Amino acid sequence: MRKIALAAALAVILGLAFVTRPNWGSDGLHEGLEAVGLCLIVICIVGRAWCSLYIGGRKKAEIVDRGPYSISRNPLYIFSFMGAFGVGAQTGSLTMATMFLVLTVAVFYATVKREEAWLSGAFGEAYAAYCARTPRFGPDFSKWRDVETLDVRPRFFLTTLRDGLVFLLAVPLFESVERLQDLGWLSTLIHLP
């Protein structure tokens, strides 16, 4: 259900992105926002892959509380938030970037609530103790804890990496939209900051 809701909402925002054009008054701000967005997309991909090294295949079997999961209960989602803003920033519009971020936070917040209910039922006091010491989103870097070695499951890591690389599709997609608008082949109905 989460994927369907996210896909529908993204389709609406993408549709809006095709008919809007940022109104900065300067291409420097437009290009700068796109550059920041690209950096956030790269951080998202690397961060999500890093998180998967710790949680891949363990999510329903144990409380993962080391590495990025020692400073936030949902670091993978935090990196996804960065990626969502970065994808929206590829439109060159701060408004669209913020819309992508807000939508993603709303969808994942609902997901987190369901996951927390399940984890609480499955792990009881151990999960309650983890919640007490680790912020939901945070991060609280003072709580960093790690292990000497990790048992990595390559299949989960590669799946997360592949899923993260989809964020990069925003670059050619929105550059193509921008080019089509410049050529007059795609109409601009409204201008957004």
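How many helices and strands does the protein chain have? Colour by secondary structure and count six helices and two strands. Both are DSSP runs, numbered from the N terminus: helices are H or I with at least four residues, strands are E with at least two. From the N terminus on, the order is α-β-α-α-α-α-α-β.

This is a predicted model, in which local features need pLDDT of at least 70 and side-chain atom pairs count only at pLDDT 80 or more, while totals for chains, interfaces and linings use all residues. Residues are numbered from 1 along each chain as its sequence is written, and side-chain values use heavy atoms, with hydrogens and water left out.

**Whole chain**

Show the surface. The accessible surface of the protein chain comes to about 10400 Å², and 67% of this belongs to carbon and sulfur atoms. Such areas come from the Shrake-Rupley method with a 1.4 Å probe; for residues, only the protein chains shown count as cover. Of the 193 residues, 40% count as buried. Buried means under 20% relative accessible area, exposed over 50%, and partly exposed in between (1.4 Å probe, protein chains only). Now turn to contacts, meaning heavy atoms within 4.5 Å. Among those between residues at least 6 apart in sequence, 83% join residues at least 24 apart.

**Aromatic pairs**

Select the rings of Phe, Tyr and Trp (its six-membered ring); they pair if their centres lie within 6.5 Å, and planes under 30 degrees apart count as stacked, over 60 as edge-to-face and the rest as tilted. The count comes to eight aromatic pairs.

Go to Tyr-77 and Phe-108. This pair is stacked, at 4.5 Å centre to centre with 25° between the planes. Tyr-77 lies in helix α3 (residues 75-89) and Phe-108 in helix α4 (residues 94-133), so the pair ties together parts 31 residues apart in sequence. Tyr-77 is buried at 7% relative accessibility, and Phe-108 is buried at 10%.

Next, select Phe-81 and Phe-137. Their pair is tilted: 5.7 Å centre to centre, 50° between the planes. Phe-81 is in helix α3 and Phe-137 in the loop between α4 and α5 (154-165), so this pair ties together parts 56 residues apart. Phe-81 is buried, at 11%.

Then pick Trp-50, Tyr-54, Phe-79 and Trp-144, which ring pairs link into a cluster.

**Charges over rings**

Here NZ of Lys or CZ of Arg is within 6 Å of the ring centre and within 35 degrees of the ring normal. Lys-60 lies over the face of Trp-118, 5.9 Å from the ring centre. Arg-155 lies over the face of Phe-156, at 4.5 Å.

**Salt bridges**

Which residues does the salt-bridge network link? Select Asp-65, Arg-66, Arg-133 and Arg-145. A salt bridge is a side-chain nitrogen of Lys or Arg within 4 Å of a carboxyl oxygen of Asp or Glu. The structure holds seven.

Centre on Asp-65, which is buried at 17%. Its side chain meets Arg-66 at 3.9 Å, N to O. Arg-66 is partly exposed at 28%. Arg-133 meets Asp-65 at 2.7 Å, N to O. That pair links distant parts of the chain: Arg-133 in helix α4 and Asp-65 in the loop between α2 and α3, 68 residues apart. Arg-133 is partly exposed, at 30%.

Move on to Glu-116 and Arg-73, bridged at 2.8 Å, N to O. Glu-116 lies in helix α4 and Arg-73 in the loop between α2 and α3, so the pair ties together parts 43 residues apart in sequence. Glu-116 is buried at 11%, and Arg-73 is buried at 13%.
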